[in-house]
Amino acid sequence: MNLGVIGCNTMGLMHCQMAENAGLKVVACGDISRDNARKAARKFGAEAVGDCVALCNRDDVDVVAVCTPTPTHTEYIQAAAGAGKHVFCEKPLGRTLETIDEALAAVERAGVKLYVGHVVRFFQEFEAMKARIDAGKIGNVGFVKTYRGGIFPGGKLGWFSDWNMSGGVTLDTIVHDMDWLRYVFGDPERIFAQNLKRVFSERIDYALVTMRMKCGTICNIVGTWAHPSGFRVKVDICGERGMVTFDSSEAPVSAQLRLGAGSGPSTIVPASPVLVSPYQLEWEDFAGWLAGTRKPRVTPEDGRWAVRMALAALESAETGQPVEFN
Ligand SMILES: NC(=O)c1ccc[n+]([C@@H]2O[C@H](COP(=O)([O-])OP(=O)(O)OC[C@H]3O[C@@H](n4cnc5c(N)ncnc54)[C@H](O)[C@@H]3O)[C@@H](O)[C@H]2O)c1
């Protein structure tokens with residue numbers, strides 16, 4: 001199958017490679033930045049395209065990958081679905097539930113498949129933790145604590161620091177953990193959150209979200225874009241018979257200095273030392289769904305739920321009140 005990619009920087013370039021590893025062929029690279037489109041097209045032997053809606057309408061494109069800043073996801077999903085193309089969309093699925101519902105309706109009308117890039121479901125460490133819980137190794141789980149984050153993303157491309165675009169660390173980064181926790185423990189009952197929105201202009205964000213799941217498990221989720229450098233993921237899962245823990249960077253105590261605004265990486269892409277990247281595994285899952293040989297690990301409804309939880313956390317941080325789910 002042939003792929004057209006929209007948004008050809010950090011994630012777009014990565015997805016070009018991962019999709020090719022999974023057997024697709026990149027034929028068109030679209031971006032509002034001509035330079036980025038050209039660079040990606042050169043690398044993958046594809047055509048550079050300035051008009052990303054036209055990219056969706058090309059006869060030689062079967063699947064469209066949307067790797068642009070978050071608020072633009074749903075308009076491109078609609079354009080691709082309207083042209084009868086299957087879609088891979090980076091998380092979060094959209095910036096608002098209203099635009100997500102319009103996009104899901106377009107996907108439904110067109111009868112195409114939409115895959116959302118909740119890649120943490122494919123990280124081998126997270127799969128291993130889920131397998132231990134599902135196998136009952138630690139018994140019923142009472143409490144989970146997750147931590148994800150590090151340096152403020154931004155580099156030369158400043159859209160992460162625009163709250164209205166990225167939704168800060170809550171919608172952009174710990175949406176991964178909220179999705180994974182719902183994948184493992186089922187739907188949430190209530191969310192309460194606090195964050196550092198008031199100092200967001202200082203390029204710092206830190207969020208603490210507490211979710212009570214319908215099954216009774218309590219989850220504490222920390223997301224940070226407030227650390228001087230690096231990126232780290234930690235998980236503690238406490239069950240009646242034991243604990244499962246994971247720390248992406250067991251290391252001695254170290255002192256690090258904060259970098260100046262605008263320096264550092266453009267975005268946070270979690271690393272995995274395994275042979276097959278989890279980003280490739282998600283493309284293999286999507287390709288299997290397209291071929292009719294697999295059910296997708298991530299459904300469009302999962303993508304919507306993840307945004308719903310993250311937006312509820314942002315609302316709770318704003319009002320100081322918990323948000324209940326029916
Ligand atoms: N799954 C993950 O691990 C992970 C990690 C980082 C980012 N993301 C998500 O991936 C998406 C892209 O993030 P990124 O880090 O690659 O961003 P980026 O800023 O590095 O790249 C975005 C690209 O989109 C282009 N672009 C911007 N607006 C556009 C528009 N309207 N039409 C076409 N092109 C446009 C930019 O020129 C740029 O080339 C975001 O939604 C982000 O949340 C996911």
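Predicted model: local features only at pLDDT ≥ 70, side-chain atom pairs only at ≥ 80, totals over all residues.
**View 1. The cis peptide bond at proline 92.** Lysine 91 and proline 92 are joined by a cis peptide bond, with omega at about -15°. Helices (H or I, at least four residues) and strands (E, at least two) are DSSP runs, numbered from the N terminus.

View 2. Six strands form an open sheet with parallel pairing, in the order S3-S2-S1-S4-S5-S6. Two strands count as paired if DSSP finds at least two bridges between them. Strand S3 (47-49) and strand S6 (114-117) are the edge strands, each pairing on one side only. From one strand to the next, the twist averages 20°. Strand S2 (residues 25-30) and S3 run parallel and are joined by three bridges, and glycine 30 sits opposite valine 49 in S3. Helix H2 (residues 34-44) packs on this sheet, touching strand S1 (2-6), S2 and S3, and its direction makes about 165° with that of S2. Contact here means that the C-beta atoms of two residues, placed from the backbone, lie within 7 Å. Angles run from 0 to 180 degrees between N-to-C directions, and axes are lines fitted to C-alpha atoms, for helices over the stretch in contact.

**View 3. Glutamine 17 and phenylalanine 44.** Glutamine 17 lies in helix H1 (residues 10-21). Glutamine 17 and phenylalanine 44 are 27 residues apart in sequence, yet 8.2 Å apart in space, C-alpha to C-alpha. Why is glutamine 17 called partly exposed? Because it has 16 other C-beta atoms within 10 Å. On this scale a residue is buried if 20 or more other C-beta atoms lie within 10 Å of its own, exposed if 12 or fewer, and partly exposed in between, with C-beta atoms placed from the backbone.

**View 4. Helix H5 against helix H11.** H5 and H11 pack at an angle of about 175°, with their axes 11 Å apart. That makes H5 roughly antiparallel to H11; angles under 35 degrees count as roughly parallel, over 145 as roughly antiparallel, 65 to 115 as roughly perpendicular and the rest as oblique. Leu97, Ile100, Leu104 and Val107 of H5 meet Pro300, Arg304, Val307, Arg308 and Leu311 of H11. By class, this contact has seven nonpolar, no polar and two charged residues. Ala, Val, Leu, Ile, Met, Phe, Trp, Tyr, Cys and Pro count as nonpolar, Asp, Glu, Lys and Arg as charged, and the others, Gly among them, as polar.

**View 5. Helix H9 against helix H11.** Helix H9 (residues 175-185) and helix H11 (residues 300-319) pack at about 120°, with axes 9 Å apart. That makes H9 oblique to H11. On the H9 side the contact uses Val175, Met178, Asp179 and Arg182, and on the H11 side Asp302, Trp305, Ala306, Val307, Met309 and Ala310. The class count for H9 with H11 is seven nonpolar, no polar and three charged residues. H9 is mostly covered, with ten of its eleven residues buried; Trp180, Leu181 and Phe185 are among them. Just after H9, glycine 186 takes a positive phi of about 90°.

**View 6. The seven-stranded sheet.** Seven strands make an open sheet with mixed pairing, ordered S12-S11-S7-S10-S9-S8-S13. Its edge strands are strand S12 (243-247) and strand S13 (323-324), each pairing on one side only. Strand S11 (residues 231-239) and S12 are antiparallel over five bridges, with isoleucine 237 opposite valine 244 in S12. H11 packs on the sheet too, touching S8, S9 and S13. S8 and S9 run antiparallel, joined by seven bridges, and proline 188 is opposite methionine 213 in S9.

**View 7. Tyrosine 147 in strand S7.** Tyrosine 147 lies in strand S7 and counts as partly exposed, with 18 C-beta neighbours inside 10 Å. Its C-alpha atom is separated by 7.6 Å from that of arginine 232, 85 residues apart along the chain. Leaving aside neighbours within four places in sequence, tyrosine 147 is in contact with Val222, Arg232, Val233 and Lys234.

How values were computed
Residues numbered from 1 in each chain as written.
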